[in-house]
Amino acid sequence: MKKILLSFCFLIYVLQINAQKLLRVGVAGLTHDHVHNIMNQWRRGEVLIAGIAEADPQLIARFKKSYNLPDSLFYKSLTELLQHTKPDAVLAYNSIIEHLSVVEICAPKGISVMVEKPLATTVKDAERIVALAKQYHINVLTNYETTWYNTNQQINEMVNDEHEIGDIRKMIVHDGHNGPKEIGCSKDFLNWLTDSIKNGGGAIRDFGCYGANLMTWLMKGIAPISVTAITKHIKPDVYSNVDDDATILVEYPTATGIIEASWNWPFGIKDLEVFGVSGYLHALNPNVLQKRNKNNYDSVVVKPAVYKDNLPYLADVLSGKIKPVNDLSCLENNLIVVKILEAASRSAKEGKKIMLN
């Protein structure tokens with residue numbers, strides 16, 4: 001009986017320690033459908049929610065019902081939320097144009113921020129975010145689904161650490177699906193996702209950012225020389241105000257990147273191809289990786305990445321265990337991403353190559 005009691009006490013102790021390690025986050029907005037990720041993480045006991053800033057009564061009612069959230073979690077604004085509680089960090093799930101305002105509110109209070117991709121709609125906003133982060137010594141991180149793909153992390157190791165295929169010569173990224181409306185995105189999400197101002201564009205921003213992010217990372221944070229892009233309006237009856245298909249050519253001194261972003265794929269796709277001097281790597285999805293050289297085409301055994309999602313990564317950044325330098329979430333990378341996207345939108349509009357350097 002004594003052994004059972006001691007075991008029970010030890011279990012309680014372990015649970016308490018684990019609970020102490022859980023991040024306590026504020027949620028800014030509910031209009032981004034990626035917010036369901038944090039809600040499910042909360043439901044699984046992986047994170048604590050200090051409060052949710054949302055002014056729309058119908059959204060509040062929907063999320064209360066879906067996730068059994070108490071009234072005490074909700075605040076009408078982020079300012080009000082931070083007046084009543086101090087989270088470890090704030091996670092933004094609102095429109096891209098609102099990211100700057102989230103950082104403007106959090107930075108003076110010393111609270112770090114993680115936004116959903118991309119960082120900002122304009123270079124001006126992105127540069128202001130960078131300045132605020134430096135001024136107030138906070139972290140501002142950008143979350144991409146593809147950051148946590150085991151295959152993408154392994155490709156970077158194989159290319160930049162192990163030099164398995166030699167220097168990069170070409171990168172190709174396909175990203176997208178058959179359309180946000182077609183796959184059932186919420187009306188609240190579509191209201192700004194298909195707005196050229198609030199989102200910065202259509203597919204060119206929604207999915208172009210993934211390729212720009214991965215290429216900047218693989219090229220070790222080097223900005224490209226130039227960007228050339230074309231956009232199409234294949235479904236104007238569905239997406240009347242923004243492009244729904246984009247191809248972006250990103251030029252580096254010794255390599256070329258091709259980003260194919262679309263709301264017109266026959267299925268959802270997020271893959272990455274990297275051609276080097278002596279070989280080729282292809283991440284078909286989070287867990288399937290292929291390697292090819294002149295004579296062989298092999299499947300690569302994929303190992304688990306260090307981080308499975310954004311929360312343990314964010315916790316390690318906040319604790320100082322890791323520094324977000326030249327990784328997929330860091331500010332330096334994502335400022336370049338916004339520069340690529342802004343140049344791509346301009347190129348498509350003006351019909352010419354845009355020089356960045």
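How much space lies in the largest cavity? In this predicted model, the largest cavity holds about 40 Å³ of space. The count of cavities of 30 Å³ or more comes to two.

By residue type, the lining of the largest cavity divides into four nonpolar, three polar and three charged residues.

The second largest cavity contains about 30 Å³ of space. It is lined by His32, Ile96, Lys117, Pro118, Phe189, Trp192, Leu193, Asn199 and Asp206. Helix H8 (residues 187-193) gives the most to this lining, with three residues. Here the division is five nonpolar, two polar and two charged.

About 430 Å³ of space lies in the largest pocket. Its lining has 21 residues, and those closest to the centre of the pocket are Gln153, Trp217, Tyr307, Tyr313 and Asp327. Which helix gives the most to the lining of the largest pocket? That is helix H7 (residues 150-161), with five residues. Ten nonpolar, six polar and five charged residues make up the lining of the largest pocket.

The next topic is the aromatic rings. The structure holds eight aromatic pairs. One of them is formed by tyrosine 144 and tyrosine 210, in an edge-to-face arrangement with 5.8 Å from centre to centre and 65° between the planes. Tyrosine 144 lies in the loop between strand S6 (140-143) and H7, while tyrosine 210 lies in helix H10 (residues 208-218), so this pair ties together parts that are 66 residues apart in sequence. Are these two tyrosines buried or exposed? Both tyrosine 144 and tyrosine 210 are buried.

A further pair joins tyrosine 239 and tryptophan 263. The ring centres of tyrosine 239 and tryptophan 263 are 4.8 Å apart and the planes stand at 55°, so the pair is classed as tilted. This pair also links distant parts of the chain, 24 residues apart: tyrosine 239 is in the loop between strand S8 (226-232) and strand S9 (245-251), and tryptophan 263 is in the loop between strand S10 (256-262) and strand S11 (269-276). Tyrosine 239 counts as buried because its relative accessibility is 2%. Tryptophan 263, at 0% relative accessibility, counts as buried as well.

Tyr144, Phe207 and Tyr210 form one aromatic cluster. Lysine 117 lies over the face of phenylalanine 207, at 5.5 Å from the ring centre. Lys117 is also among the residues lining the second largest cavity.

Finally, I come to the cysteines. How many disulfides does a search of the whole structure find? The search finds zero disulfides. Cysteine 185 is in no disulfide, and the nearest cysteine sulfur, that of cysteine 209, is 14 Å away. For a disulfide, the two sulfur atoms would have to lie within 2.5 Å. Cysteine 185 counts as buried, at 16% relative accessibility, and cysteine 209 is buried too, with a relative accessible area of 0%.

Thank you for your attention.

Methods. Residues are numbered from 1 along each chain as its sequence is written. This is a predicted model: local features need pLDDT of at least 70, side-chain atom pairs count only at pLDDT 80 or more; totals for chains, interfaces and linings use all residues. Side-chain values use heavy atoms; hydrogens and water are left out. On a 1 Å grid over the protein atoms alone, a cavity is a set of points where a 1.4 Å probe fits but cannot get out, and a pocket is an open set with protein on both sides within 12 Å along at least five of seven lines; lining residues have an atom within 4 Å of a point. Grid points are joined across faces, edges and corners, and a volume is the space filled by probe spheres set on the points. Helices (H or I, at least four residues) and strands (E, at least two) are DSSP runs, numbered from the N terminus. Ala, Val, Leu, Ile, Met, Phe, Trp, Tyr, Cys and Pro count as nonpolar, Asp, Glu, Lys and Arg as charged, and the others, Gly among them, as polar. Rings of Phe, Tyr and Trp (its six-membered ring) pair if their centres lie within 6.5 Å; planes under 30 degrees apart count as stacked, over 60 as edge-to-face and the rest as tilted. Buried means under 20% relative accessible area, exposed over 50%, partly exposed in between (1.4 Å probe, protein chains only). A charge sits over a ring if NZ of Lys or CZ of Arg is within 6 Å of the ring centre and within 35 degrees of the ring normal.
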